[in-house]
Amino acid sequence: MTDGAAGQSVPKKILIVEDSEDILSIVRFLLKREGFEVLTAADGRQAEKMIDDAAPPDAVVLDVMLPYVDGFTLLKKIRASASWRNVVVIMLTAKSGQKDVLHGLDSGADDYMVKPFDTAELLARLRRLLRR
Amino acid sequence: MMDIVYRENTDLIVRFALGIGVAALAMTVLMIVSILLMRGLFLSRDRQRQEFMERWRPVFVEALFQPPGAMPLPRGEERLYFLYLFNHYHSLMKGENREQLNRLADAAGIRSFARGLIRKGNMPRRIVASYALGFMKDESVFDALIEGASDENTLLSQAAATAAVQIDPVRAVPLLLPKLLHRADWPVSNIDTLLAMAGEEAVSPVLRESIMNAAEKEAPNLIRLLGSASEEAASACIGYWLERAREGETISACLQMLKDAHYLPLVRSYTKHPTWYLRLQAVATLGRIGHRNDVAMIVGLLADKEWWVRYRAASVLADMPFLTHQEVTAIRDAQTDRYARDVMDTVMMERGR
């Protein structure tokens with residue numbers, strides 16, 4: 001397994017949980033361009049089903065304000081799941097208050113990024129976490 | 001003879017009624033046709049806009065990562081749709097991605113179109129163009145934007161002021177601040193957001209001068225903007241007004257914005273002030289900059305005669321970073337005053353403890 005750079009044998013799998021079609025298409029384009037395999041969930045319910053039924057990805061890029069089930073609840077579910085608990089989670093959200101950041105990190109997020117965001121920064125953080 | 005007169009009069013009335021009926025029918029048909037035409041025009045424009053968005057969204061996404069390639073230039077109304085998308089993607093991104101979006105706008109020949117809208121467009125178009133030119137950091141429209149910030153339309157004023165700050169914050173802040181402070185449609189929180197965007201370097205000298213030279217009735221609003229100034233400037237302004245203030249509102253604003261521990265003895269003295277909202281503000285300030293040895297003083301305020309002071313004191317105790325959960329519980333258990341115990345229970349319940 002590698003960090004997803006193009007030309008390598010098994011691309012790492014990243015799940016993007018995001019209800020904004022524009023953000024989703026930007027992050028998907030970024031990650032595919034860097035050689036990652038990308039899965040997407042457009043709301044909390046879809047993501048919840050994936051956590052219950054699907055094999056864990058290598059990382060999740062997780063929004064907080066999602067329809068049906070919010071990102072913090074999904075994060076708790078990920079950390080409580082036997083197969084998903086070690087998945088890298090980066091929160092990517094418009095919730096920028098100090099309490100939200102602390103809540104995200106306390107709930108088990110590996111990193112927390114605030115929108116508006118820089119794609120190069122997101123990629124760098126993701127790569128760093130995947131190298132651990 | 002009578003019969004002829006009667007028949008002629010009746011014919012006239014019938015003809016008149018018929019004429020009115022036909023005219024009403026024609027008007028109704030005309031209205032239906034114009035409603036249908038307007039609806040058709042609206043749907044056609046909407047479809048045109050949707051098609052444009054679908055065609056250009058992928059172009060925008062690609063443009064975030066690589067220099068724009070050859071593309072068909074947007075024409076006519078499409079240039080306005082381009083500006084909508086441009087502003088939208090700018091609001092999602094930061095850093096180098098924004099520079100890439102600006103390269104795309106230039107490659108699409110949009111800059112001159114937006115400049116034209118600033119001068120000649122209707123209100124919604126001027127607003128869209130103002131934001132776009134701010135994102136593009138277009139120096140050539142700076143003066144027009146400063147003028148736009150004075151417009152009586154609040155949305156245009158906000159768009160123009162935001163854009164001017166994005167283009168040149170150091171020039172914009174001294175020009176904008178005096179105008180905005182006197183507008184009822186610009187709440188302090190909006191001015192604060194604008195100043196935060198401008199940054200310390202642009203804000204500190206202007207606020208410092210304004211605060212030091214302000215009449216006391218103007219000082220509280222200015223002091224509440226100090227969150228965007230440097231700590232040094234904020235401390236100097238607050239110190240200045242704490243020495244001179246006669247009004248409770250001025251002192252309250254100073255306490256609210258205070259971050260400098262140098263003033264802790266003064267803050268502590270305000271926990272005993274006869275005015276309840278100054279005691280409240282003082283205890284909140286102790287929560288931000290106080291030491292462990294201030295805990296006893298804050299605990300004393302749990303029995304204050306004013307509920308809001310008790311509640312704030314309990315909140316401060318519950319959130320103090322150096323107090324453990326056990327210590328907060330012990331403070332609650334040690335309260336003999338019923339009101340103090342109640343308010344601690346309320347705050348601890350709110351925090352799920």
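Me: A pocket is an open set of points on a 1 Å grid over the protein atoms alone, where a 1.4 Å probe fits, with protein on both sides within 12 Å along at least five of seven lines. What volume does the second largest pocket have?

Reply: This is a predicted model, where local features need pLDDT of at least 70 and side-chain atom pairs 80 or more, while totals for linings use all residues. Residues are numbered from 1 along each chain, and chains are lettered from A. A volume is the space filled by probe spheres set on the grid points. For the second largest pocket, that comes to about 220 Å³.

Me: Which element gives the largest share of the second largest pocket's lining?

Reply: Lining residues have an atom within 4 Å of a point, and here they include Pro174(B), His182(B), Lys217(B) and Leu222(B). Two or more residues each come from α8 (169-181), α10 (200-212) and α11 (219-223) of chain B, helices being DSSP runs of H or I with at least four residues. With four residues, the largest share belongs to α8(B).

Me: Which residues lie nearest the centre of the largest pocket?

Reply: The largest pocket has a volume of about 400 Å³. At least two lining residues each come from α4 (98-106) of chain A and from α17 (307-319) and α18 (325-334) of chain B. The largest share, five residues, is from α4(A). Among the 14 lining residues, those nearest the centre are Gln98(A), Lys99(A), Leu102(A), Asp106(A) and Asp319(B).

Conventions: Heavy atoms only, no water.
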